Amino acid sequence: MGLRRSVLVRGGTVVPMAERGAWQQADVLIEDGRVASVAPGLDPGPGCEVLDGGDALVLPGFVQAHVHVVQSLARHRAEGLPLLRWLAERIWPYEAALQPAEVAAAARLGIAELLTGGTTSALDMGTTHDQEAVFSAAAELGIRLTSGKCHMDTGDGVPAGLLEDREESLAQAEALGSRWHGSASGRLRYAVAPRFVLSCSPELLVAAVALARSRGYLLHTHSSENAQETRVVREQTGKGNAEFLSEVGIAGPDTVLAHCVHLDEGEVHLLAEQQTGVAHCPGANLKLGSGIADVPRLLRHGVRIGLGADGPPCNNRLSIFHEMALAGTVHNLAHGPGAVDPWTVLEMATWRGAQVLGLGDEVGRLLPGWKADVVVLSCSSLAMEPAADPAAMVVFGGGVESVRHVVVDGSIVVRHGELVTADASAIRREARGAAAALTHRLGWS
Ligand SMILES: [Zn+2]
């Protein structure tokens, strides 16, 4: 990342996401990493780079509340399995086999996909080892990433290569947090990430909470994704998954639970009362046949919700547009058409997601003084015609092909659809080579 120049996005339809249903024709001036002004006819000034916003929608950059970029090399290689078999037969052996250069290749591929798809902020979960490579990739490519190594010290089917010593695992997290939290001008943050209840001893969960709270890091885990998982958690703990997590302290405004598909009534109230964040991942939930989180009900109770693509092997893409289209349609099956309206969906992909990540004071809206994370979406694709309500256009007609320019923290990371912070074809080549070597070692090819 070079010196941040000022940037002017000229001539677009700005959708600030400050007020639903509001948009205006305006320019956006970006200085020192923040939005300086949103108004028509702004002067670029000397040295300012101008981005074309003509025939485009200009929005706050998209936020994803749950991804695993480290799983990118297993994409298209873990098909047709339910969650626990998908983990034990494909994902865990894959993660155990990853070497440092392969973690780097996977992270670079995933982050490049996120950025070129308009996602500027994400909450990510790594594997148990080589988490440095994820942060290095995020620092280099320019995304705003909150991430952490995952913790695993028990569990059926967990390969030896992922089973950790509890103390050592937590010491690694502490060292990673010290090195990376707040780095890259604050773009990178640490999150303590016990994988899920079935791979963590209660002692590990309690210690993870203590570490996160003592350092001010987010807590990030999976909960209530799949019926079998939720049943086994109940057999082991006597409680619902989210209820048990709350009991050990994994709850509250600094906590993000991915999925929350299988909740009982009491757990919905707990999530709302404790202001625990939820990452709704409809693409992954449909692909693994896990179920559909009852988002209309959660929203009605005031639960904070963001969207996430989850991992490339369970989606198989990291497109916020795929998740938005699903979040705007899949709930109609149970609740009728319009169950989650497009403005609410767009909010989950912007400021609601940013709030879930603890960034809601300066990310997720396009307003003067806020962090300059901006996406310019071309309206020239056939599916975007004819222009109408921007939320309906983006949620139902948008796609990664709509992404023209992306700015993160005031720096241009995608220009005319092309990644500018790294060579995307080199990233693809590197990923292909690493995936070929890995799948060969795993006996998958
Ligand atoms: Zn996940």
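Visitor: Are H1 and H16 roughly parallel or roughly perpendicular to each other?

Guide: Welcome! Bear in mind that this is a predicted model. The axes of helix H1 (residues 83-97) and helix H16 (residues 424-442) come within 10 Å and cross at roughly 115°. Angles of 65 to 115 degrees count as roughly perpendicular. H1 and H16 are therefore roughly perpendicular.

Visitor: Which residues in H16 does H1 meet?

Guide: H1 passes H16 in a right-handed crossing. On the H1 side, the residues are Pro 93, Tyr 94 and Ala 97. Their partners in H16 are Leu 438, Arg 441 and Leu 442.

Visitor: Which domains does the chain have, and how far apart do their C-alpha centres lie?

Guide: The domain assignment gives domain 1 (7-61 + 364-419) and domain 2 (62-356). Between the C-alpha centres of domain 1 and domain 2, the distance is 28 Å.

Visitor: Which element gives the largest share of the side of domain 1 that touches domain 2?

Guide: Here 28 residues of domain 1 are in contact with 29 residues of domain 2. On the domain 1 side, two or more residues come from each of strand S5 (56-60), helix H15 (390-397), strand S16 (403-408) and strand S17 (411-415). The largest share is five residues, and the element that gives them is H15.

Visitor: What does Leu 115 touch?

Guide: Leaving out residues up to four places away in sequence, Leu 115 touches Leu 141, Gly 142, Ile 143, Val 406, Val 413, Val 414 and Leu 419.

Visitor: Is H2 roughly parallel or oblique to H3?

Guide: H2 and helix H3 (residues 131-141) have axes that come within 8 Å and cross at roughly 40°. Angles under 35 degrees would count as roughly parallel. The angle therefore makes H2, relative to H3, oblique.

Visitor: Which residues in H3 does H2 meet?

Guide: H2 passes H3 in a right-handed crossing. From H2, the residues include Pro 100, Ala 107, Ile 111 and Leu 115. Those they and their H2 neighbours meet in H3 are Ala 133, Val 134, Ser 136, Ala 137, Ala 138 and Leu 141.

Note on methods:
Residues numbered from 1 in each chain as written. Predicted model: local features only at pLDDT ≥ 70, side-chain atom pairs only at ≥ 80, totals over all residues. Contact = placed C-beta atoms within 7 Å. Axes fitted to C-alpha atoms, helices over the stretch in contact; angles between N-to-C directions. Helix = DSSP H or I, 4+ residues; strand = E, 2+ residues; numbered from the N terminus. Parallel < 35°, antiparallel > 145°, perpendicular 65-115°, else oblique. Left-handed = near helix turned anticlockwise from the far one by under 90°. Domains from an automatic or database assignment.
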